[in-house]
Amino acid sequence: MKVVGNILGIGTKQDSKHKDVEVYLDTVEYLTSRKDGKYFQEFSYEEELETPLVITGDCLARASAKPTPDGEYEFQVFDKVGEEYVLNPNKHLSLNLEYDFDENLTILSSAYYAISLPDAEFTKLKTEKEKEKAVKKWKGKKNK
């Protein structure tokens, strides 16, 4: 995970002038909720990516103008559809940034990217990813 460009320059409204800012993510968490009896229960599946997912700054807007005291920044994520930017309420990005006074540098300490999916889509995605993982593991053992 890393950030290229001035991530703190992104405001609360989507702006295409921030397309030079890039956030590289190594992990994506997929979320869903299912009704278990009369209550909903949350489920998640975390995927480690072989090649980083890159989100550009033109697809981001801060969720709040005020950062939390511990340096956490919440972002709304937009999908680019043609030339239009459409807010995707099912995607969420959270970054923890720390400032190093000695180096005069802002450092990314952690990143969290989550996508909420309907239960059927979540189950299908999880099954496919588990199959891919099993095939890679099997091929790795076969080659040894």
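Okay, hi everyone. Before anything else, please keep in mind that what you see above is a predicted model.

Let's start with the layout. How many helices and strands does the protein chain have? There is 1 helix, along with 7 strands. As for dimensions, the C-alpha trace spans about 50 × 45 × 35 Å along its principal axes. The chain has 144 residues, and 26% of them are buried. Here's a number for how the chain meets itself: take the contacts with a separation of 6 or more, and 49% of those are between residues 24 or more positions apart.

Now, the inside. The largest nonpolar core contains 26 residues. Which residues have the most contacts inside that core? They are I7, Y30, L60, F75, L93, L95 and Y113. Several elements supply two or more residues each to this core, and they are β2 (22-36), β3, β4 (60-62), β5 (72-81), β6 (84-100), β7 (105-116) and α1 (119-143). Let's zoom in on I7. Not counting residues up to four places away in sequence, I7 touches V21, V23, L60, F75, L95 and L97.

Next, the largest pocket. Its space comes to about 230 Å³. Two elements, β3 and α1, each give two or more residues to the lining. Which of the elements gives the most? That's β3, with 6 residues. If you want to find the lining on screen, look for Y45, E46, E47, E48, L49, E50, K129, E132, K133 and K136. Sort those by type and you get 8 charged, 2 nonpolar and no polar residues.

One of those lining residues deserves a stop, and that's E47. E47 sits in strand β3, which covers residues 39-56. Is E47 buried or exposed? It counts as buried, because its relative accessibility is 14% and the cut-off for buried is under 20%. So what does its side chain do? It makes a polar contact of 3.2 Å with the side chain of K129, and K129 is also in the pocket lining. Leave out neighbours within four places in sequence, and the contacts of E47 are D26, T27, V28, Y30 and K129.

Last, two residues in loops. H18 is in the loop between β1 (2-4) and β2. Even so, H18 is buried, with a relative accessible area of 11%. And what does H18 touch? Beyond residues up to four places away in sequence, it touches G9, I10, G11, G57 and D58.

N104 is in a loop as well, the one between β6 and β7. This one counts as exposed, because its relative accessibility is 57% and exposed means over 50%. Have a look at its backbone too: phi of N104 is near 55°, which is a positive value in a residue other than glycine.

Methods: Residues numbered from 1 in each chain as written. Predicted model: local features only at pLDDT ≥ 70, side-chain atom pairs only at ≥ 80, totals over all residues. Heavy atoms only, no water. Helix = DSSP H or I, 4+ residues; strand = E, 2+ residues; numbered from the N terminus. Buried < 20%, exposed > 50% of the residue type's maximum accessible area, 1.4 Å probe, protein only. Polar contact = N/O pair within 3.5 Å; in protein donor to acceptor, adjacent residues only side chain to side chain. Contact = heavy atoms within 4.5 Å. Core = buried A, V, L, I, M, F, W, Y, C linked by side-chain atoms within 4.5 Å. 1 Å grid on protein atoms, 1.4 Å probe; cavity = no way out; pocket = protein on both sides within 12 Å on 5 of 7 lines; lining within 4 Å. Points joined across faces, edges and corners; volume = space filled by probe spheres on them. Nonpolar A, V, L, I, M, F, W, Y, C, P; charged D, E, K, R; others polar.
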